[in-house]
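Biologist: I am new to this structure. Please show me how to read its side-chain features.

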Amino acid sequence: MTQRTVLVTGAASGIGRATALAFAAQGHMVLAVDLNGDAAEETAATDPEHITAFTCDVSDRAQVEALRDAVTEKVGSPDVLVNAAGWDRTDKFLNASPEFAEKVVAINYMGPVHLASVFLPAMTESGNGGRLIYLASDAGRVGSSGETIYAGAKGGVIALTKSLAREMARYGITCNCVCPGPTDTPLFRAQDEKLQEALIRAIPLRRLATPEEVAAPVLFFASEDASFITGQVISVSGGLTMAG
Ligand code: NAD
């Protein structure tokens with residue numbers, strides 16, 4: 001692959017971190033973005049030649065605009081955008097406060113919206129095409145009890161991906177999304193242990209995904225091999241979900 005500039009949000013932990021490291025290992029220039037700037041610096045420190053850290057809250061439009069300005073000044077417009085930033089806490093829908101609901105939607109749905117609306121204008125004007133890849137969730141495809149608002153936001157991300165794919169096609173920008181099932185990251189481990197065990201038992205392949213296994217299709221969607229694929233959704237769930 002020719003060297004490209006890849007912006008990855010949520011790059012301080014879990015799937016985003018594994019994605020950033022995998023792009024860097026292929027020689028790409030990676031912009032590792034996270035709310036947790038210190039942890040993003042730790043990601044960058046593993047491969048300082050290829051990875052630069054940025055601090056940004058993706059749910060805050062003004063911060064995403066400031067990120068774009070900083071990135072543009074440093075390296076120009078990215079070729080690939082990956083949104084892995086996400087957040088949730090498992091609980092019954094009936095327990096959800098309005099503040100919790102707003103936070104879940106702000107991070108998991110508005111974050112991807114801000115990223116697209118702030119970065120895509122320059123990508124469309126460049127005439128170089130590009131790639132947009134969102135980490136959604138199988139919760140957004142098939143529902144997930146205890147993750148109801150999150151599932152709604154992730155379902156929104158899937159529809160956002162498909163609609164952006166239609167609008168961005170004329171600019172040669174493909175938009176796809178990867179839906180992880182249960183994956184061994186701090187986000188998954190924040191859940192009740194009994195729930196973790198029950199989920200693992202329900203997975204036909206009988207284990208969690210590694211963050212690297214979820215990063216793999218992200219790299220595929222960014223690669224030349226995926227040049228004619230857009231508006232698509234792939235699950236990485238060990239067979240937990242098989243709905244069409
Ligand atoms: P994680 O908690 O390990 O990492 C998420 C990262 O996002 C963290 O570094 C966190 O600081 C960052 N982040 C959170 N809010 C942010 C914000 N407002 N702005 C910028 N960064 C922010 O989680 P993960 O499991 O690696 O999750 C990665 C993505 O995959 C998320 O979108 C998540 O919803 C999705 N996902 C994960 C699982 C799973 O089982 N782990 C399953 C389905 C979907």
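Predicted model: local features only at pLDDT ≥ 70, side-chain atom pairs only at ≥ 80, totals over all residues.

Biologist: How many salt bridges are found in the whole structure?

Modeller: Side chains of opposite charge can pair when their charged atoms come close. A salt bridge here is a side-chain nitrogen of Lys or Arg within 4 Å of a carboxyl oxygen of Asp or Glu. The search of the whole structure gives 5. One of them joins R141 to D138, at 2.9 Å from N to O.

Biologist: Is D138 buried or exposed?

Modeller: Buried means under 20% relative accessible area, exposed means over 50%, and partly exposed lies in between (1.4 Å probe, protein chains only). D138 is buried, because its relative accessible area is 5%. R141 has 28% and is therefore partly exposed.

Biologist: Which residue forms a salt bridge with R68?

Modeller: D69 does, with the closest N and O atoms 3.2 Å apart. D69 is partly exposed at 44% relative accessibility, and R68 is partly exposed at 26%. Another salt bridge links R189 and D184, 2.9 Å from N to O. R189 counts as partly exposed at 42%, as does D184 at 35%.

Biologist: How many aromatic pairs does the structure hold?

Modeller: A pair of aromatic rings is described by the distance of the centres and the angle of the planes. Rings of Phe, Tyr and Trp (its six-membered ring) pair if their centres lie within 6.5 Å; planes under 30 degrees apart count as stacked, over 60 as edge-to-face and the rest as tilted. The structure has 2 such pairs. One of them, F220 with F221, is tilted, with 5.9 Å between centres and 45° between planes. F220 is partly exposed at 36%, whereas F221 is buried at 4%.

Biologist: Where is C56 placed?

Modeller: Helices (H or I, at least four residues) and strands (E, at least two) are DSSP runs, numbered from the N terminus. C56 lies in the loop between β3 (51–55) and α3 (61–75). C56 is buried, with a relative accessible area of 2%. Contact means heavy atoms within 4.5 Å. Not counting residues up to four places away in sequence, C56 touches V33, D34, L35, Q63, V64 and L67.

How values were computed. Residues numbered from 1 in each chain as written. Heavy atoms only, no water.
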